Amino acid sequence: MSIQNNTYTSKFLPVEVEKFKNIFAKEGAKFSTPQYMHFQARGEGYTASFYTSGKLVIQGTKVVEIVSKHFEPDILEAEQSAQGALFNVQGSMPAKNPAMGDIAPYPHIGIDESGKGDFFGPLVIAGAFLDESAAKTLQKAGVTDSKKLDDKKILELESLIKEVATFDVIAISPVKYNELYGRFKNLNRLLAWGHSTVLENILTKKPCNIAISDKFADESVIQSALKERGKSIRLIQQTKAESDTAVAAASILARAEFVKRISNLSSEYGTNLPKGASNLVLEQGQKFAAKYGRGELKNVAKLHFKTYEKII
């Protein structure tokens, strides 16, 4: 949490104005509109000023309380001690590297997730930093989008990727996922924080100027999330980003961790927890609820799925 001398400073997109006004209104603030500001909110123990430049400054004795509650929730506390860092998005997508045929020149970081569309099991977010030599090694080994590979191949490639790449993997268990989704009410925002955390963790090990991720449904969500702290990285968001070797490597790391964790959950409950969100998954969810009770589903499944509504 970047707070010094009872002052918190951050930068956000203008689209956040109304959201932040609502936050301070709930905190009992009184509003004014000084020059060069979207608003200024004054409450007991704090003053919040949101400038037209996008800078938000919160000062006062209640700064830590306000920021912890509304701006920097420790969303990965049960899975990852490091907090998510945010980065400055700069420029547009660079030209492809002609030597590799990938999205950007090496070295760069690829980031992807697994479990987003699976009712059972965790959400896993992974990142992989590759230089050109590592990328060539992985290409020769058959690294590609994990959705094109079976579980056996994914687990085989996981070991090789961990040998040649600098990587980070965060797994959010179902019970923690449900808690976080209840707080955010928005999967894209949760993903943006997770992606930020992975990027920060890798950057503490390897300096890098470029990161690539799949395009979010609402681009402004991750763009606003990637603007909070001091580090700066060029983030490229592209549909089907898994065509890039670094992103493909990240997708394999994420899927391998997901496969292992859903297998462990299945063993723990003595049942088969299938992947995806098909009718087979619904049937198994109904059997699980009948055996263990609906309340136990929060420990193995993502409860905002329509599958859960059908089960109950």
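Mentor: Let's go through confidence, a helix, aromatic rings, the cores and the salt bridges in turn.

Trainee: What should I know before I start?

Mentor: This is a predicted model, where local features need pLDDT of at least 70 and side-chain atom pairs count only at pLDDT 80 or more, while totals for chains, interfaces and linings use all residues. Residues are numbered from 1 along each chain as its sequence is written, and side-chain values use heavy atoms, with hydrogens and water left out.

Trainee: What is the mean pLDDT of the protein?

Mentor: pLDDT is the predictor's confidence in each residue, from 0 to 100. Here the mean is 82, and 82% of the residues reach 70 or more. Where pLDDT is low, the predicted coordinates should not be read in detail. Keep that in mind for residues 73-100, where pLDDT stays under 50. The model has 102 contacts beyond four places in sequence for that stretch, a contact being heavy atoms within 4.5 Å.

Trainee: Which residues of helix 1 are buried?

Mentor: Two terms come first. Helices (H or I, at least four residues) and strands (E, at least two) are DSSP runs, numbered from the N terminus. Buried means under 20% relative accessible area, exposed over 50%, and partly exposed in between, using a 1.4 Å probe and protein chains only. In helix 1, which spans residues 17-26, the buried ones are Val-17, Phe-20, Ile-23 and Phe-24. Looking down the axis of helix 1, its buried residues fall within an arc of 125 degrees (taken from the directions from the helix axis to the C-beta atoms), so they line one face of the helix.

Trainee: What covers the buried residues of helix 1?

Mentor: The cover includes strand 3 (30-32), strand 4 (37-43), strand 5 (46-51), strand 6 (55-59) and helix 2 (63-70). Just after helix 1, Gly-28 takes a positive phi of about 80 degrees. Glu-27 sits in the loop between helix 1 and strand 3. Glu-27 is buried, at 18% relative accessible area. Beyond its neighbours within four places in sequence, Glu-27 touches Tyr-46, Ile-66, Lys-69 and His-70.

Trainee: How many aromatic pairs does the structure hold?

Mentor: Rings of Phe, Tyr and Trp (its six-membered ring) pair if their centres lie within 6.5 Å; planes under 30 degrees apart count as stacked, over 60 as edge-to-face and the rest as tilted. The structure holds 11 such pairs. One of them, Phe-20 with Phe-50, is tilted, with 5.7 Å centre to centre and 45 degrees between the planes. Phe-20 lies in helix 1 and Phe-50 in strand 5, so the pair ties together parts that are 30 residues apart in sequence. Phe-20 is buried at 3% relative accessibility, and Phe-50 is buried at 0%. Phe-20, Phe-24, Phe-31, Phe-39, Tyr-46 and Phe-50 form one aromatic cluster.

Trainee: How many residues has the largest nonpolar core?

Mentor: A nonpolar core is a set of buried Ala, Val, Leu, Ile, Met, Phe, Trp, Tyr and Cys residues joined through side-chain atoms within 4.5 Å. The largest has 39 residues, and those with the most contacts inside it include Phe-119, Leu-130 and Val-143. Helix 8 gives the most to this core, with 11 residues. Setting aside neighbours within four places in sequence, Val-143 is in contact with residues including Leu-157, Ile-161 and Ile-252. Apart from this core lies another, of 20 residues, among them Tyr-177 and Leu-187.

Trainee: And where do Lys-136 and Glu-132 lie?

Mentor: Side chains of opposite charge can pair when their charged atoms come close. A salt bridge is a side-chain nitrogen of Lys or Arg within 4 Å of a carboxyl oxygen of Asp or Glu, and by this rule there are 12. Lys-136 and Glu-132 are both in helix 3, four residues apart, about one turn of the helix. They form a salt bridge, their closest N and O atoms 3.7 Å apart. Arg-261 and Glu-257 form another, at 2.8 Å. Arg-261 is partly exposed at 32%, whereas Glu-257 is buried at 16%. Salt bridges that share partners join Glu-158, Lys-162, Glu-257, Lys-260 and Arg-261 into one network.
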